[in-house]
Amino acid sequence: MFDRRLLQNFDWPLLIVVYLIALAGLFTIYSAVEPGARGAGQIFSVKQVIWFGVGTLAMIAAFSFPYQWLDRYVWLVYAACLALLAWVLVFGKVVSGSRRWIAMGPFTLQPSELAKLAVIVVMAHILSRTLDEKGLSFKDLLRPLVFLVPPFTLVVLEPDLGTSMLLLLIAAVMAFYVGVRRRTLLVLAVIALAAGPAVWMGLKGYQKERILTFINPDRDPLRAGYHIIQSKIAIGSGMVTGKGFLEGSQKALSFLPEQHTDFIFPVLAEEWGLAGSSVLLAAFLLLMLLCLNVAYKSKDPFGSLLAVGVSAMIFWQVFINMGMVMGLFPVVGVPLPLMSYGGSSVLTTMIGIGLLQNISMRRYLFE
C-alpha cells in the first residue's frame, strides 16, 4: 500500500533546480560544439538528453526503495565498485593515455564516477557506527581509511587525479561532519606534510607540469598553460552581459579546448557575461542549500551522512571546476555537474539526487 507521506515529503524545489541547471547545460553544450562542425551541436545535445533520460530513470530507481537497504547491502555495493574499477583497468577504452572508460556501443561508462557514490555509501555505513561526542580519534579513522584506499588506488592507476582527489575530499567532509578530535587533526597534518615529497615524486610528468603551470601560466603558454590562458580570455571577454547565444568567438574559433566538457563554464561566461555567470552560481548555491537541508532534516545518522556525502560530491566538483577554469586551481579532469557533456557524470549526479529524495521522502520514519 502506497504511503502518502512519501509524496508529501518529496523535495520538488530540489528537482526543479536540478532540471533548470541541466537545461542551461544543454543549451551551452549545443553552443559550444555547433560552430565546430555541421550538426555536431545537435548530436551532442541529443546524446546528453538521452543520458538525462537514463539519469532520470536511475534517479527514480534510487528513491523507489528504502535507502536503509544500502546500509544493509553496503558490501555488495562496494564489491561491485571495485569490480568495475578493476575491469576498466584491464579491458577499458584508452583515450589520451588514460584507461577510464567502458565502451557501450556509441556511449561510454566511466566507473570512477560511480565510485564516488560507492565511497559515500561505505563511509556513511562506517561513520554512522563510529559516532563519538568527543570526535573521531586516529584509530577511529583507520577503518574508513582502509576501505577508501582500494578504490582510490584503482582510480589513481587509470590515471584520474581529479576523481581520486574528489574521493579523498568527499570522505574528509563526511568525517569532519561527524567530528574529528584536535589531536587527530594534528597527526593527519604531520602525515600529510611528510607525505608531500613522496606524492610529488609519484606524479606523472604532465601532472607536475600542470601544477607548475598553475603557479606561472606564462611559463608554457602554447602547451601546458594554453587551457588556462584561453579560458580566462573567454571569461573576461564576456564582460557584463556577454556576446549573446552562439556568438562566443573563443569557442567558435576553437581556441578554447574541451569546451563542451571540463571547460564549459567559459563558454557560458563568454556568451552571457557576468550576469549569466552570476545566475548560474546562484542556482548552484541554491542547489547546495537544498541538498544540505535534506541532511539537516534527516534524524537518521546513516541518512544524514549519506546526504552530506552527496552534497560534498556536488559541491567539490562545482568548486574545483570553476576554480580550475578561472586559473585558481591546477587543471584536473573534473566536470561541472549537470552542465558538462558526459553521460557518466550525469548518471552519477542524478543517482545522487535520487538518494537525496529518498532520504527526504522517508524522514518521517524517524520523527
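**Notes on the fold and its contacts**

1. Overall make-up. The protein chain comes to 15 helices and three strands. Please keep in mind that this is a predicted model. Of the 367 residues in the chain, 50% are buried. The chain exposes about 17500 Å², and carbon and sulfur atoms supply 70% of that area. Among contacts between residues at least 6 apart in sequence, 74% join residues at least 24 apart.

2. The three strands form an open sheet in the order 1-2-3, with antiparallel pairing. Strand 1 and strand 3 stand at the edges with a single partner strand each, so one side of each has no neighbour in the sheet. From one strand to the next, the twist averages 55°.

3. Strand 1 (residues 93-95) pairs with strand 2 (residues 98-104) over three bridges, and here lysine 93 has tryptophan 101 of strand 2 as its bridge partner. Strand 2 also pairs over three bridges with strand 3 (residues 107-109). On that side, isoleucine 102 has leucine 109 as its bridge partner, while methionine 104 stands opposite phenylalanine 107.

4. The hairpin turn. Strand 2 and strand 3 form a hairpin with two residues between them. Glycine 105, in the turn, has a positive phi of about 65°.

5. A helix over the sheet. Which strands does helix 5 lie across? Helix 5 (residues 74-91) lies across strand 1 and strand 2, and runs at about 100° to strand 2.

6. In one of them, aspartate 71 pairs with arginine 129, with the closest N and O atoms 3.1 Å apart. Aspartate 71 lies in helix 4 (residues 68-72) and arginine 129 in the loop between helix 6 (111-127) and helix 7, so the pair ties together parts 58 residues apart in sequence. Aspartate 71 counts as buried, at 16% relative accessibility.

7. A salt bridge to the sheet. Aspartate 160 forms a salt bridge with arginine 100, and the closest N and O atoms are 4.0 Å apart. This pair links the loop between helix 7 and helix 8, which holds aspartate 160, to strand 2, which holds arginine 100, across 60 residues. Are these two partners buried or exposed? Aspartate 160 is buried, with a relative accessible area of 1%, and arginine 100 is buried too, at 16%.

8. A local salt bridge. Lysine 116 and glutamate 113 form a salt bridge with closest N and O atoms 2.9 Å apart. Being three residues apart in helix 6, the two are separated by about one helical turn. Lysine 116 and glutamate 113 are both buried.

9. Helix 7 (138-156) and helix 9 (182-202) each give two or more residues to the patch. Valine 187 lies in helix 9 and is partly exposed, at 33% relative accessibility.

10. Leucine 169. This residue lies in helix 8 (residues 161-178) and is partly exposed, with a relative accessible area of 23%. Beyond its sequence neighbours up to four places away, leucine 169 touches Trp316 and Ile320. The C-alpha atoms of leucine 169 and glycine 309 are separated by 9.7 Å, although the two residues are 140 apart along the chain.

Notes
Residues are numbered from 1 along each chain as its sequence is written. This is a predicted model: local features need pLDDT of at least 70, side-chain atom pairs count only at pLDDT 80 or more; totals for chains, interfaces and linings use all residues. Side-chain values use heavy atoms; hydrogens and water are left out. Helices (H or I, at least four residues) and strands (E, at least two) are DSSP runs, numbered from the N terminus. Buried means under 20% relative accessible area, exposed over 50%, partly exposed in between (1.4 Å probe, protein chains only). Two strands pair if DSSP finds at least two bridges between them. Axes are lines fitted to C-alpha atoms, for helices over the stretch in contact, and angles run from 0 to 180 degrees between N-to-C directions. Contact means heavy atoms within 4.5 Å. Accessible areas come from the Shrake-Rupley method with a 1.4 Å probe; for residues, only the protein chains shown count as cover. A salt bridge is a side-chain nitrogen of Lys or Arg within 4 Å of a carboxyl oxygen of Asp or Glu.
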